[in-house]
Amino acid sequence: MADAAVLPATSAVRRVPGRFWIVPPAALLALLFFYPLVLIVQQAFTDDSGMANVAEFVRVLHARFFLNALLNTITISVAATAGCLIVGLVLGLILAFVPFPGSGVIARLIDTFIALPTFLVTLAFTFLYGSAGMLNAGLMEVLSLHAPPVDFLYSTWGVVLAEVTVYSPFVLRPLLAAFSLVDRGQIEAASVLGARPFRIVRQIILPAAVPALIAGGSLCLLLTVNEFGIVLFIGAKGVITLPLLIYSKAIQESAYQVACIIAVINIALSLGLFGLYRFAAGRLGA
Amino acid sequence: MLVWSRPGRIVIWAVFALLFGVLFLAPLAVILLSSLANQWNGVLPSGLTTEHYSDVVQGAAWQAVRASLVTGFLASALALISGTWAALALRIQDATLARVLGVLFFIPSAVPSVSVGLGLLVAFSHPPLLLNGTVAIVMVAHFVLISAFTFGNVSAGLARLSPDFEQVASSLGARPAYRLWHVTLPLLTPYLVAAFGLSFALSMGELGATVMVYPPGWVTLPVSIFSLTDRGDVFAGAALTMVLVAVTLILLLGLERVTGRQTRS
């Protein structure tokens, strides 16, 4: 819309050469991203002799290691997203509606977590909750135990907790934007008329936050399905997700076709979630 | 203000402090502490040392810092050029095509980074396009992964630009190239700087694609941190992580100041 206003009425003639300016960056992206993507799909459906073949694809689809990784990926992603929504909502409600001195700085600080590498949190968690970490050392000292009592880190739940830490800022950001649009007068009126905070949250604040929650939540689903660093750094044998499986098949076992097959499924899943996110963000008007 | 009573507010703030402390503050604090620890068998380290940091300045760790900075800078610069170019060029397409292409430029951010690395290995391991085993493949991987973010940032900036300036410029007879260089790009500068900072920060922390494609001799910070901790050298890993955090924060805050000044002036 903006460009229609910018260009003068006679620009219909000038428009035509201008259209080709998109070619260089589009060609670069096509060569460096879409062409490799097509080759992954091609390799997934071709056998050693170069013929099209779905037998290997079907075999991997039914293999136990694949189904396990798929189940792990979905479980972790759904649980982490639920956690991000809850943590994001609680933090957002307090930051927006029960502010304290310095809450603006804290909100910015949480926001910078978006730019930090994800594995940082896993590394920190091994110092905090690992078998020789602070929590276990403390508990063993106080309760005079011989074995570390806290043992969730090297399991699915360790990954989920790390992902909640890393990705709840992605829910918090759109939520705070949505909360800033909520009419403060409406809340004060409800409060003066005797509505309890819980009811105000449920009837006034939450309805305004639903689009932001959907957009943030679907972004979290996408990012947690694709998460690699956290799972790699925890390095638990039982916790293998799709990205980790692609890495171990390609780099450790040199099984490139199997890696490509898993990548095709992972990419399809991610693109589906990306579509969901775009749809949600579009409805939000973002 | 949602909660009026003072005790109620204090309870709520305590909940916030607990969540914030456990989820965000504790991880950063504990990494900082462990990067300074010489031994850690109990609740707290038995002694503090700066040895891990002095190791960073010498030897292989410094190579990792350099590899990450060079990769981040080149990949972000290329992503900035291509993202800005794409965002500007999309403005003169018709609406439907612009929407479709816009989505295509965003897709790299939705695909798992490990598959981006895998795709590059599959595509560029044979002549004439032999990149596998070179430093260039790391740059390409980072470029692909951050290009969507620069494109997104610059597009968002363009959408917020008031069309008045450009309109005035063209009604005064400025040719498109002149208008672009003297009106549109200067107005966009804060967004360009922010886009560059964010993509540099993302590149500094990139692990999934790098670990698939990196050649020996070009080990970036995250890969180096992983191999250190995997070997059990957790304190050195923590020190390198702090270096990574510091560089990222300096990039973000420094560039934020630059952009802040420019939007104010």
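This is a predicted model: local features need pLDDT of at least 70, side-chain atom pairs count only at pLDDT 80 or more; totals for chains, interfaces and linings use all residues.
I looked up the order of elements in chain B: from the N terminus on, it goes α-β-β-α-α-α-α-α-α-α-α-α-α. In numbers, chain B has eleven helices and two strands. Both are DSSP runs numbered from the N terminus: helices are H or I with at least four residues, strands are E with at least two.

Residues are numbered from 1 along each chain as its sequence is written, while chains are lettered from A and ligands numbered from 1 in the order in which they are written.

Next I checked the box around chain B. Along the principal axes, its C-alpha atoms fill roughly 75 × 70 × 30 Å. Of the 265 residues in chain B, 44% are buried (20 or more other C-beta atoms within 10 Å of the residue's own, with C-beta atoms placed from the backbone).

Then I turned to where the chains meet. I found 67 residues of chain B in contact with 73 residues of chain A (C-beta atoms, placed from the backbone, within 7 Å). Helix 1 (residues 6-35) of chain B gives the most to that side of chain B, with 13 residues. The side of chain B that touches chain A has 48 nonpolar, 16 polar and three charged residues. Here Ala, Val, Leu, Ile, Met, Phe, Trp, Tyr, Cys and Pro count as nonpolar, Asp, Glu, Lys and Arg as charged, and the others, Gly among them, as polar.

Definitions and conventions: Two residues are in contact if their C-beta atoms, placed from the backbone, lie within 7 Å. A residue is buried if 20 or more other C-beta atoms lie within 10 Å of its own, exposed if 12 or fewer, and partly exposed in between; C-beta atoms are placed from the backbone.
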